Structure formats: C-alpha cells, structure tokens
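This report looks at one helix and at the aromatic rings of the chain. The sequence and structure come first, and the description follows.

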Amino acid sequence: MDRRRLLSGAAALTASAALLPTLSGTAQGSPRAAAPILPSRAAITAVLRRVADRWIGAHTDPGDNGWANATFFSGLLALQGLTGSSRYLTYARSWAEEHAYGLSGGVTTRHADNHCAGQAYLDLYEREPEERKLTAIETSLHRMVFEDQPDKNDDWWWDDALHMAMPPSARIGALRAEPRYWQKLYSLYDHTKRAEGGPGLYGATSGLWYRDKRFLPGGVVSPSGKPVVWSRGNGWVAGGHVKTLKALPSTEAHTAEYRDTLTRLVRAVAGVQRADGFWNVNLADPAHLPGAETSGTSFFLYGTAYAVAAGLVDRSVHLPVAARAWNGLVATAVHPDGFLGYVQGVGDRPESSQPVTYDSTADFGVGAFLLAGTELARLAR
C-alpha cells in the first residue's frame, strides 16, 4: 500500500501547519511502507496477558492509589473485562481494599490526579456493586459540583488532567442520572481547552494540545526552536476522551464536541507516526530526543482503535495506523518475559526521565499498553 496515499485519506492530517509548522510531512520512514498486518485477537490477548502477568508477578504489593498506579489498574481491569480473568479481578480488588476505596488527598481533594483511582473503583463497582466502593470518589466530585466553590473551573490546568478526572465525572453522572456532573465536567474541560493560560491549551488548527501554559507560543521550545507538543500529554488527552465517550450517552449536550476533538487528534497524530509504529516524544520536532517511546504511543493506539471502532474515522486509513503501532510496540518494547520497556517515566515534557531505554518502565505505561491492546483486540478476529 502506498503510505503517502494512505495518509492523504484524511484531510486533517496536514491541517496543523499553523500551530506546528513542522508537523506536516514529518512522518518518518519509507513513503511506500507495506500495509501492516493486524494480528488475531488471540495473539493480541496473549501478549497482553504476558505483560500483565509479568507486572503482577513483580509487584506482590499492588502499590499506592496515586494516578500512576491507578492508570495501571484501569488497564488491568480493561483486560479483565476482555478475558474474564479471576486473577486480575482479585489483584485489583486487593489493591482497592488495601486503600479502602479511598482517594489520595481525601474526599476534599480537587486535584485531578487524586480522582484517577475512582476509575478503577467504578470498574470494580460495575463487576460487584457495593456502594462503599464509590463513597470517596462520589463524595469528592459531589463537593466540587455542589458545595466547594462550584463556580471554580480552573482546576484542570494541565492536559494530563483530562485523563485523570473527566471519566469519573462522566461515569458518576451516568450512574446517578445527574446531568450536573456532566455540566461541571464540561465547564472544567472548556476552561482547559479555551481559557487556561489565555488562549487555552488546545490548538484549534492542529487538533493537538499543549501540556500546560508554559508551552504555549512564545514559551518553551525545543533546542532547535520548534514547538514542544508532548506526546504523552496528548496521549492523556486521547485516553480521557475515549473513556468519557464510553460513559456518556450520545444525546448529552457535549458528546459531539468530545467526539470531534478526539477525531481531530487521532487524524493529526496519524500524520506524524514513525515508520516503526511509534511516536516521538515531541510531536512537533522529530529531532528532539528521537527514539521509541511506549506510553504516548500506547495512548495514541488506544484513541485510534476506539475511533475506528466507533466509526469516527475511516477504517481503511486508521486501522493500519493502529496495527503499525501495535506491531512496533510488540517487536520493540515487549521483552520475551513480558517486561514492557521504552516507557518515559514521570514528567511533563520530552526531557523528563531521559534517557528512555529498553529497560525503562512504569506502572502507568503498562496500564496504557493494556488499555490500547484491549481496545485493538476488539477490532481483531
């Protein structure tokens, strides 16, 4: 398949030049790369199990309830839903019980990172409904919506926050049939998108997001003077939109906007995918710390696979993008024993936690990989 022809199938792949002058035409590798083959569902699931089992075996203590580990459990429970594994359910339940289904920072927290654990608690509630599992996350969100400065909408000042906090609000609103959770969600989201730092963190022309106001035009740039558009930051945005759309009804007032925003992001990143299936840590500058990176790539795979399944993008154009990402991750980042490498550690920009190597891993990176593979498996046979 002619890769140039494949990429031209979505006009938005080159619509980002105004924000990111280097974005168009920076996709790396041969212009005539062969169409990647999507493995079978069984083959994808086998790799996911190997990675999950390796992580669990190395972490007999399931760890804290912070955002990073909570992202792992979000991925593990997605895989559990695909496989029905009692082992994964038991491990996740033991983690949640250890923390009494509580939140870091307690129920008075407004910090998005602290709400991330609520995603896994909601997953566990869906499998085994007990109200105590939702007490902390629901109390905390209820305070923000109804009691604690309900008109304050600037809490989500960095784009990662969309992944951490959008999904619990969407899901509690659906569970309780209370649209005011969705209204508050949108007020916070709209501030991040259109007001944070002045213009907001969203690049309306490119479809991509700045990590926070420091990286807006006139701020931090790469060593060669190009914009810094962090891969994993945009990956968090993709993941937050996917999970939110899974929770919201199609008739909710802002569902169409969330769909459009995810669609534009998926189309934009397809244009700068590397030939090996990965995305660079800086989407706007392929020379800025180039190399494989698993976490951003996994979240882009997650967003792309969902967008294909939901009919938001052209399957013939974007399924090869997803397959290429998966094949690259498996060939390059997954060790024979299931250890997952090339994960950029905690940070806020391309320079964070460098160097990223074959032996670099993190709980949230494993979670992102499990989310991505589980979503892709649903497209396979």
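Helix α4 is followed by A100, whose phi is positive, near 50°; helices here are DSSP runs (H or I, at least four residues), numbered from the N terminus. The model is a predicted one, in which local features need pLDDT of at least 70 and side-chain atom pairs count only at pLDDT 80 or more, while totals for chains, interfaces and linings use all residues. Residues are numbered from 1 along each chain as its sequence is written, and side-chain values use heavy atoms, with hydrogens and water left out.

At the N-terminal end, α4 is capped by S85, a side-chain oxygen of which lies 3.3 Å from the backbone nitrogen of R87. With its 13 residues, α4 reaches 18 Å from its first C-alpha to its last, close to the 18 Å expected at 1.5 Å a residue (1.5 Å times one less than the number of residues).

## The buried face of α4

The residues of α4 that are buried (under 20% relative accessible area, with a 1.4 Å probe and protein chains only) are Y88, L89, Y91, A92, W95 and A96. They cover an arc of only 165° around the axis, which puts them on the same side of α4; the arc is that of the directions from the helix axis to the C-beta atoms. These buried residues pack against α2 (41–58), α3 and α6 (117–127), where contact means heavy atoms within 4.5 Å.

## Aromatic pairs

Rings of Phe, Tyr and Trp (its six-membered ring) pair if their centres lie within 6.5 Å, and planes under 30 degrees apart count as stacked, over 60 as edge-to-face and the rest as tilted. By this rule the count comes to 20 aromatic pairs. F73 and W95 form a stacked pair, 4.2 Å centre to centre with 10° between the planes, and this pair links distant parts of the chain, since F73 belongs to helix α3 (residues 67–83) and W95 to helix α4 (residues 86–98), 22 residues apart. F73 is buried at a relative accessible area of 0%, and W95 is likewise buried at 0%.

W326 and F369 are also stacked, at 5.1 Å centre to centre and 20° between the planes. W326 lies in helix α13 (residues 315–332) and F369 in helix α14 (residues 363–377), so the pair ties together parts 43 residues apart in sequence; both W326 and F369 are buried.

## An aromatic cluster

One aromatic cluster is formed by W55, F72, F73, Y91, W95, Y101 and Y121.

Key. Helix = DSSP H or I, 4+ residues; strand = E, 2+ residues; numbered from the N terminus. Buried < 20%, exposed > 50% of the residue type's maximum accessible area, 1.4 Å probe, protein only. Polar contact = N/O pair within 3.5 Å; in protein donor to acceptor, adjacent residues only side chain to side chain.
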